Amino acid sequence: MLLVISWLTSKKSADNDTFFVANRNSKWYLVAFGMIGTALSGVTFISVPGKVGAPSGDQFSYFQFVLGNAAGFIIIATVLLPLYYRLKLTSIYSYIEGALGTWSYKTAAGIFLISRVIGSAFRLYLVVIVLQKFIFDSYHIPFAVTVLICLLLIWSYTFKGGLKTIIITDSLQTFFLVLSVFLSIYFICSSLHMNIFEAADAIKNSSYAKIFFFNDFLSSKFHFTKAFLGGLFITVGMTGLDQDLMQKNLSLKNIKEAQKNMFSFTSVFVVINIFFLSVGALLWMYANKYGIHVEKTDYLYPTIALKYLGIMPAMVFMLGLTAATFATTDSALTALTTSFCVDFLGFNKKADINSKKMVGTRHAVHIAFSGLMFLTIIIFNAINNDAVVSAIFAVASYTYGPLLGLYSFGLFVSNRQVRDKLVPFICVASPAICYFLNAESKILLGGYVFSNELIIVNGLITFVGLWVSSSPKVIEVGKSESQ
């Protein structure tokens with residue numbers, strides 16, 4: 001179905017305007033629905049339900065983070081999207097060039113490329129090891145071949161139509177993802193001999209249903225303030241300052257449709273996460289009832305779906321997991337290709353952007369990023385150490401802090417000029433300082449334990465570094481500051 005959609009969407013036009021911004025003619029409701037699949041990766045599909053019953057006592061605490069996400073999406077819709085549309089951007093990092101300078105611009109784009117390659121490869125890796133463990137090992141298919149098959153399939157339906165294709169395929173994938181969640185609830189309820197109302201009461205009265213945590217601000221990672229603020233700023237950084245999800249918004253006709261898309265997406269996003277958490281509670285009830293033990297919480301959902309519920313629930317689970325994974329990875333590859341072509345090869349500054357030579361260059365870049373993601377996943381698998389891989393993923397999330405600092409400085413400090421060539425060093429130093437603070441916070445900050453709100457500190461350090469290294473702007477005689 002994905003390949004047929006790719007052929008239909010790209011047969012009339014497969015040029016760079018189609019690939020990068022879908023000719024700025026997308027339908028807002030398709031973008032809104034499809035973004036659900038992109039935002040809810042395979043990691044969310046597996047990890048969020050599993051964490052509900054984790055020994056650390058997570059329960060429904062993740063929903064506090066989701067509420068922060070919703071607030072972040074509203075800020076993106078009301079602050080960042082109007083800016084991007086006013087400047088008619090293809091790559092959102094082009095804004096930094098005008099606001100701060102060329103080195104700052106290349107630094108912001110480079111941060112995105114590194115972060116998105118590591119983050120997307122990690123998301124795909126987590127899903128592929130589940131596929132490998134539960135399915136492909138029994139056929140003696142090597143891990144590298146499984147990864148290669150997945151990436152080849154994703155490349156095959158994105159390399160021509162790009163964003164124009166992905167907006168349609170993401171809607172299809174989101175449909176299967178949402179269907180999978182609802183059907184999983186139905187199958188688990190049936191196995192537990194409950195109807196949907198009895199299941200809702202069971203979840204409400206279970207030991208998994210606590211949402212809000214207000215105790216022990218210093219040492220608890222689940223405290224509402226940390227979770228909400230972390231969710232808000234991570235959303236602004238990892239969505240609003242990320243080429244991947246913003247590229248879809250920039251494919252719409254105007255700012256009103258883009259904002260309508262974001263508000264609709266936010267509502268559905270919040271509701272879908274409630275269902276994911278509910279699936280988690282039901283899965284743990286099922287596991288406790290039938291004495292099922294798993295090595296780690298990420299294996300709970302696949303273990304029950306693929307080994308205990310029967311062939312139909314297993315197929316539904318696989319459809320949902322594959323849809324979530326492909327929806328995240330396909331748009332990441334497209335965004336990486338777009339950012340590199342625009343930010344480093346200067347496609348937006350060339351008159352012949354849709355020439356055969358330029359289209360050929362874009363194809364080569366797309367293949368190169370697919371290969372880079374393949375190598376990154378193979379390296380993750382070779383490390384084969386959950387602690388190390390988690391640390392790599394954490395480092396990738398640190399990189400969005402400097403983006404927050406760069407955009408904040410550009411938006412709110414108009415009377416100072418940064419020392420452009422120092423910006424790359426500031427953006428490397430900031431996450432390094434945050435890593436040290438995170439490791440030593442109990443000693444340095446009186447027992448305080450950081451959670452997702454560390455990104456705020458990261459952005460603040462970058463902002464302060466930019467301020468300290470900047471100088472007042474010199475306005476030429478005869479020109480106003482606005483000029």
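## Two salt bridges

Across the whole structure, a search turns up two salt bridges. Keep in mind as you look around that this is a predicted model. Let's take the pairs one at a time.

Arg116 pairs with Asp242, and their closest N and O atoms are 3.0 Å apart. Arg116 sits in helix α7 (residues 102–134), while Asp242 sits in the loop between α11 (224–240) and α12 (243–249), so this pair ties together parts that are 126 residues apart in sequence.

Lys133 counts as partly exposed, with 38% relative accessibility.

## A closer look at Glu295

Why is Glu295 called exposed? Its relative accessible area is 68%, and exposed means over 50%, so Glu295 qualifies. The side chain of Glu295 also makes a polar contact with the side chain of Lys133, at 3.4 Å.

Glu295 and Thr239 are 56 residues apart along the chain, and their C-alpha atoms are separated by 32 Å.

Thr158 lies in helix α8, which covers residues 143–158. With a relative accessible area of 0%, Thr158 is buried. Which residues does Thr158 touch, not counting those up to four places away in sequence? They are Phe19, Ile166, Asp330, Thr334 and His366. Ile118 makes a handy landmark too: Thr158 and Ile118 are 40 residues apart in sequence and 20 Å apart in space, going from C-alpha to C-alpha.

Now move to Ser94, in helix α6 (residues 94–99). Ser94 has 16% relative accessibility, and buried means under 20%, so Ser94 counts as buried. If we set aside its neighbours within four places in sequence, Ser94 is in contact with Leu89, Tyr105, Val342, Asp343 and Asn348.

How many disulfides does a search of the whole structure find? The search finds zero. Take Cys434, which is in no disulfide: the nearest cysteine sulfur belongs to Cys427 and is 12 Å away. A disulfide needs two cysteine sulfur atoms within 2.5 Å, so the sulfur of Cys427 does not qualify as a partner for Cys434.

Cys434 is buried, with a relative accessible area of 0%. Cys189 is buried as well, with a relative accessible area of 4%.

## A nonpolar patch on the surface

Let's finish on the outside. Ile75, Val79, Leu411 and Phe412 form a nonpolar patch on the surface, and together they have about 350 Å² of accessible area. Where does the patch come from? Helices α5 (62–86) and α18 (400–412) each supply at least two of its residues.

Phe412 is exposed because its relative accessible area is 64%, which is over the 50% cut-off.

Note on methods: Residues are numbered from 1 along each chain as its sequence is written. This is a predicted model: local features need pLDDT of at least 70, side-chain atom pairs count only at pLDDT 80 or more; totals for chains, interfaces and linings use all residues. Side-chain values use heavy atoms; hydrogens and water are left out. Patches are made of residues with over 30% relative accessible area and no salt bridge: like charges are joined within 9 Å, nonpolar side chains (Val, Leu, Ile, Met, Phe, Trp, Tyr) within 5 Å. Accessible areas come from the Shrake-Rupley method with a 1.4 Å probe; for residues, only the protein chains shown count as cover. A salt bridge is a side-chain nitrogen of Lys or Arg within 4 Å of a carboxyl oxygen of Asp or Glu. Helices (H or I, at least four residues) and strands (E, at least two) are DSSP runs, numbered from the N terminus. Buried means under 20% relative accessible area, exposed over 50%, partly exposed in between (1.4 Å probe, protein chains only). A polar contact is a pair of N or O atoms within 3.5 Å; within protein, one must be able to donate a hydrogen and the other to accept it, and residues adjacent in sequence count only if both atoms are side-chain atoms. Contact means heavy atoms within 4.5 Å.
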